[in-house]
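Hello,

Here is the structure I promised to pass on to you. Have a look at it first, and then read on for what turned up in it.

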Amino acid sequence: MKVIDLTKESFTERVSDFRQYPDGWEFKGDKPCIVDFQAPWCGYCKRLDPILAEFAQTYEGQLYIYKVNVDNEEELETAFNIRTIPTLLLCKMDGTKELMLGTLPKHELKKVIENLISVQ
């Protein structure tokens, strides 16, 4: 599996109706997911891309990894109050979610993913 690009329409189909965030949050996924809010010009985002691509393959079938280009999807950026990129939205199967900065070292991000997929 690879990292999947999301638009506001596909975000609404696969993750949640962002227009209801945060009050009406309802996770729609069948597996936990990470949504990477990023931009192609962002240096930190470029460094995170190959790590997320590797984890998408490593954890195939256990979680989805998505990315949202904040330059193209301003409504999503606004809905989640994204002020720094990369920002990761972690969606667990129990319906909880968490926003965190995506500038973690690879081994720390791996721990985050392991925790994400262990919550069922």
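Let me start with Gln 38, which is buried, with a relative accessible area of 5%. Please keep in mind that this is a predicted model. Gln 38 has its place in strand E2. Leaving aside neighbours within four places in sequence, Gln 38 is in contact with Cys 45, Lys 67, Val 68, Asn 69, Val 70 and Ile 85.

Next, the cores. The largest nonpolar core has 22 residues, and those with the most contacts inside it are Phe 11, Val 15, Cys 33, Val 35, Phe 37, Phe 80 and Leu 89. At least two residues of this core come from each of strands E2 (33-38), E3 (64-69) and E4 (87-91). Apart from this core lies another, of 18 residues, including Leu 48, Leu 63, Ile 65 and Leu 116.

With neighbours within four places in sequence left aside, Cys 33 is in contact with Val 15, Phe 27, Tyr 64, Tyr 66, Leu 89, Leu 90, Cys 91 and Leu 116.

Finally, the helices. The axes of H2 (residues 43-58) and H4 (residues 106-118) come within 11 Å and cross at roughly 40°, which makes H2 oblique to H4. The crossing is right-handed. From H2, the residues Leu 48, Ile 51, Leu 52, Glu 54 and Phe 55 meet Lys 106, Leu 109, Lys 110 and Ile 113 of H4. The residues of this contact divide into 6 nonpolar, 3 charged and no polar.

Enjoy exploring!

Key. Residues are numbered from 1 along each chain as its sequence is written. This is a predicted model: local features need pLDDT of at least 70, side-chain atom pairs count only at pLDDT 80 or more; totals for chains, interfaces and linings use all residues. Side-chain values use heavy atoms; hydrogens and water are left out. A nonpolar core is a set of buried Ala, Val, Leu, Ile, Met, Phe, Trp, Tyr and Cys residues joined through side-chain atoms within 4.5 Å. Buried means under 20% relative accessible area, exposed over 50%, partly exposed in between (1.4 Å probe, protein chains only). Helices (H or I, at least four residues) and strands (E, at least two) are DSSP runs, numbered from the N terminus. Contact means heavy atoms within 4.5 Å. Axes are lines fitted to C-alpha atoms, for helices over the stretch in contact, and angles run from 0 to 180 degrees between N-to-C directions. Angles under 35 degrees count as roughly parallel, over 145 as roughly antiparallel, 65 to 115 as roughly perpendicular and the rest as oblique. A crossing is left-handed if the near helix is turned anticlockwise from the far one by less than a right angle, and right-handed if clockwise. Ala, Val, Leu, Ile, Met, Phe, Trp, Tyr, Cys and Pro count as nonpolar, Asp, Glu, Lys and Arg as charged, and the others, Gly among them, as polar.
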